[in-house]
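Visitor: I have just opened this model. Could you walk me through some of the labels used for it?

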Amino acid sequence: MPKNPAKALRDCKTLMLDMDGTLLDLAYDNYMWLEHIPAEFARQNEVSEATARERLKAKFRSMEGKLSWYCLDHWSEELDLDIAALHRDENNRIGFLPGARRFLETVVGHDLRLLLVTNSHQETLTIKTEVTGVTDFFHGIYTSHDLGHAKEDQSFWHALQEAEGFDTETTLFVDDNVAVLESAKEFGVGMLLHITRPDTRWPAREDERFTAIEGVVDLLG
Ligand SMILES: [Mg+2]
């Protein structure tokens with residue numbers, strides 16, 4: 001585990017970055033899933049927002065970390081709502097985390113392979129790209145839906161290795177999700193960093209298992 005995040009950036013040959021909560025502010029996703037979608041569900045089903053939130057929370061919990069949890073089509077069907085349209089309606093809330101764009105503009109000039117590695121569904125990836133242009137910076141983009149497994153699953157990393165042929169020793173992977181970092185660690189990814197402030201509306205939260213940075217901009221030292 002790298003003790004010095006800035007050194008990890010200098011040492012790596014492949015830099016893999018998560019999107020939501022690592023580059024883009026998770027405030028948008030949290031607003032969508034914890035407030036806006038429950039409110040729409042409440043309206044459609046004529047129940048209180050508190051009831052809707054409870055029902056959705058139970059549904060979300062049962063799917064957490066699975067590929068379907070990240071699938072907009074799954075939730076559109078399950079909740080009988082047009083989840084992609086709801087996301088588009090609120091796209092003014094999409095944005096980079098503080099310093100994340102500057103970080104990408106800097107590392108794109110480094111001699112390394114820059115990969116976006118995300119559990120995001122293609123539809124949300126498209127909506128977020130329209131607003132931020134986040135995908136422009138990358139040499140390769142890998143989504144769990146394309147590879148057929150969520151990042152929490154070892155099969156994801158095997159499929160990524162097959163597609164990309166990366167050297168685990170010289171790969172730095174940055175993510176805000178500890179379950180995903182654990183999965184990358186189990187596969188043998190050499191350098192891992194944990195983003196502790198994925199949502200600007202909330203304070204930072206560290207996890208003792210991984211070296212912490214508040215945001216990717218901290219890597220620039
Ligand atoms: Mg994330």
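Predicted model: local features only at pLDDT ≥ 70, side-chain atom pairs only at ≥ 80, totals over all residues.

Visitor: Where is D80, and what is its phi?
Guide: D80 lies in the loop between α4 (72-79) and α5 (83-89). Helices (H or I, at least four residues) and strands (E, at least two) are DSSP runs, numbered from the N terminus. Phi of D80 is near 55°, a positive value in a residue other than glycine. Most residues other than glycine have a negative phi.

Visitor: Why is E46 called exposed?
Guide: E46 has 7 C-beta neighbours inside 10 Å, so E46 counts as exposed. E46 sits in the loop between α2 (27-45) and α3 (49-63). Its phi is positive, about 50°, although E46 is not a glycine.

Visitor: How do you know that β4 and β5 pair?
Guide: Two strands pair if DSSP finds at least two bridges between them. Strand β4 (residues 171-175) and strand β5 (residues 191-195) have four bridges, in the parallel sense. L172 stands opposite M191 in β5.

Visitor: What is the order of the strands in the sheet, and why do β3 and β6 stand at the edges?
Guide: Six strands form an open, parallel sheet in the order β3-β2-β1-β4-β5-β6. β3 (140-143) and β6 (212-213) each have a single partner strand, so one side of each has no neighbour in the sheet.

Visitor: What makes a nonpolar core, and how many residues has the largest?
Guide: A nonpolar core is a set of buried Ala, Val, Leu, Ile, Met, Phe, Trp, Tyr and Cys residues joined through C-beta atoms within 7 Å. The largest has 51 residues, and L23, L172 and L192 have the most contacts inside it. This core draws at least three residues from each of domain 1 (5-25 + 96-220) and domain 2 (28-92). Those bounds come from an automatic or database domain assignment.

Visitor: How many residues of domain 1 and domain 2 are in contact?
Guide: Contact requires C-beta atoms, placed from the backbone, within 7 Å. In this model, 16 residues of domain 1 are in contact with 13 residues of domain 2. The largest share of the domain 1 side, four residues, comes from α7.

Key
Residues numbered from 1 in each chain as written. Buried ≥ 20, exposed ≤ 12 C-beta atoms within 10 Å, placed from the backbone. Contact = placed C-beta atoms within 7 Å.
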